[in-house]
Amino acid sequence: MATVTYRQALRDTLRAEMLRDENVFLMGEEIGVFEGSYKITEGLLKEFGERRVRDTPIAEEGFVGAAIGAAMLGLRPVVEIMTINFSLLALDQIVNHAAKIYGMFGGQCSVPLVIRTPGGGGQQLGATHSQNVELYYSFVPGLKVVAPSTPLEASAMLKAAIRDDDPVLFLENLALYNTKGEVPDDIAEVEPAQIGRAAVTRPGTDITIIGYSRMAHVALEVAERLAADGISAEVVDLRSLRPLDRETIVASVRRTGCAVIAEDDWLTYGIGAEIAATIQEGAFDWLDAPVRRVAMAEVPLPYAKPLELAALPSADSLVTAVRDTLRATGRLSLETAR
Amino acid sequence: MAETTKATRSRRTRGAARQDTGASGAESEAAARDADAGPAGAENAQAPAGTAGGADADAETLVAYYRQMLLIRRFEERAARAYTQAKIGGYCHLNLGEEATIVGLMAALRPTDYLFTNYREHGYALAKGIDARSVMAELYGRSTGVSKGWGGSMHMFDVKTRLLGGYGIVGGQLPLATGAALAVSYKGGDEVVMCHMGDGTAAIGAFHESLNIAALWNLPVVFVVINNGLGMGTTVDRSAAEPELWRRGAAYRMESARVDGTDVLAVREAARTAVERARTESKPYLLEATSPRLRGHSVVDPARYRSAEEKEALKAADPLAAMALRLEEAGILDAEARDKLDAEVTAEIEDAAAFADDSPHPDVSTLFDYTYATPVPSELRRLPADPVFRS
């Protein structure tokens, strides 16, 4: 095994998939000569040439739509959108076209497309460059949305997304690119993940913490901190936002009797709202306390650091919500849950 | 009849396409001079893709074109009737008046070439080679329809004849067609992608992004703007700062031309020039065809925004009547033969309508068949009243 960054895992997996299948090619702004705004495509233009690593003009609607059209003819484009904020310029192509073509034409044509894009705040990029709008895509039947949180999972999920015949939005996160984890020495040996499956990344008995992408990391960190206080938290990493693995969520909450959802997006109508609704429908009789959500403050994210920090969910805010929830169950003494 | 004759003659002189080779500085200057000369000058300055008048089409071909145009006309009239009988739901945009453009464009394509259209597409589906029965059955929402009843009037698709979709969102098909051309180029194929749109589409961002990308990457795609003068009820003059839409090609150094869309041969010749340039040189092309919309935006639109004079003028602009007259004058198809052809075509359309009416509706059990091509666990397959969890 080798220890690599999330960034390196993505880059090596793209390369492995391009070597494996001639129909896989890359498109996006600054992915070639510039080697990617976040250097995910470093060295790939040199190795594969302009035919397979295609710099695009700044025209998200145009190049995402072109990737859809290429996918309709059997290619497997992997499009990079510099950040998920810019995907809004391609919303019509993603929602009205990529998601609809298979169904709208009676299953005659699939769209084997991957859109890679990072979300995430906390980089002092201001209101338009710090959003987490994966919800917009997770809402739409016909799309698949995945959000791996570790290098190994990123590799396995990217392979699954590229080999899948449907359009997949592959959510990355600015804060995850430098995180490290173990992968096989030869990344080609990584088995593709199963889209539509969540994972229990840490077993526990007292409470379920549910997160994805960056917050799946924060959840593990929080579980570790709580363990020192004698609290056993189970962590569910959603990995796939559409389809959503409701069974794994509900099974966990049925075991623990309470849940906190950690999400980087806004609370109102957010991903957490769907999880909470799922829990009340699937584990109502097992709940000992109301389901809590930890989510971003409902403001356009400010630039100034103290304001940005105050608005973003953190490990501390998650710890607070967990302790509040445990207190509400009455199962633990106030002393323990303080 | 005198009006029609006059209109026909006028079209013959205007039949030649204008052309702009926006490919280099020198050529652009020529194009600019061309523009300065005004419309008449532009028409005469550069002979385009052949001339109108039918010199290079034999009688048999002309009759075949007329028959196709007639088929589209009778199909659309029948569709309008079925719509008012509530056999067809949703929106229903007709190609009435666009017949010569459609037949001319499709005559320039090989069967292996790809076509993307907008939502005004029944005639394109027919002329691309899809059986009238499948097209009508789609309008009726039946499982025998070309999109199995999932698409309706605006969303027809057929792998065999390579109609890669009618699209209901204005401009949505342009990036897709550009990408299909990218795939052709990537694979080293010699197919051409044709992408049809209305005049209103020239105002949308996807139009400009797609033309830029297609020209930048030398993609074999022919963009065809059907200029019928109206985006729903808004005239081109009220929506386009440059109402001569073909001139927009120059912004992308893309060869472009305008052709009289009521002259099937002029359209075919202009389209051949565009298609062959795309095929042999892998260069995109912007073709504008001026073509009347004989009725409202859709079946239910009475077009009150048109004056009585405008409506009267439309009658003279009918390409089908003009073609009939042309064939009669040339001694190719007399009134009797024309009536016989009409009866034949009408019977074919009636058969299509009967087939559609007799066809089964899609079974509700197929509701979840086409959400995903690759099955995944956890996909929620529930009807509105179903619980998320069944215990």
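Mentor: In H3(A), the residues A:Glu61, A:Gly62, A:Phe63, A:Gly65 and A:Ala66 meet B:Gly205, B:Ala206, B:Glu209, B:Ser210 and B:Ile213 of H9(B). By class, this contact of H3(A) with H9(B) has 4 nonpolar, 4 polar and 2 charged residues. The model is predicted: local features need pLDDT of at least 70 and side-chain atom pairs pLDDT 80 or more, whereas totals for chains, interfaces and linings use all residues. Residues are numbered from 1 along each chain as its sequence is written, while chains are lettered from A and ligands numbered from 1 in the order in which they are written.

Trainee: What makes two residues count as being in contact?

Mentor: Their C-beta atoms, placed from the backbone, must lie within 7 Å.

Trainee: Why is H3(A) called roughly perpendicular to H9(B)?

Mentor: Their axes, which are lines fitted to C-alpha atoms over the stretch in contact, come within 8 Å and cross at roughly 65 degrees. Angles of 65 to 115 degrees count as roughly perpendicular, under 35 as roughly parallel, over 145 as roughly antiparallel and the rest as oblique; H3(A) is therefore roughly perpendicular to H9(B).

Trainee: How do H3(A) and H8(B) lie relative to each other, oblique or roughly parallel?

Mentor: Helix H3 (residues 60-72) of chain A packs against H8(B) at about 55 degrees, with the axes 6 Å apart. H3(A) and H8(B) are therefore oblique to each other. Among the residues making this contact are A:Ile68 and A:Met72 of H3(A), and B:Leu176 and B:Tyr186 of H8(B). The contact of H3(A) with H8(B) has 12 nonpolar, 5 polar and 1 charged residues.

Trainee: Which element gives the most to the side of chain B that touches chain A?

Mentor: Between the chains, 41 residues of chain B are in contact with 45 residues of chain A. H8(B) gives the most to that side of chain B, with 9 residues. The residues on that side of chain B divide into 24 nonpolar, 13 polar and 4 charged.

Trainee: What are the domains of chain A?

Mentor: The domain assignment, which is automatic or from a database, gives domain 1 (2-189) and domain 2 (199-329). Their C-alpha centres lie 26 Å apart. In chain A, 26 residues of domain 1 are in contact with 21 residues of domain 2.

Definitions and conventions. Helix = DSSP H or I, 4+ residues; strand = E, 2+ residues; numbered from the N terminus. Nonpolar A, V, L, I, M, F, W, Y, C, P; charged D, E, K, R; others polar. Axes fitted to C-alpha atoms, helices over the stretch in contact; angles between N-to-C directions.
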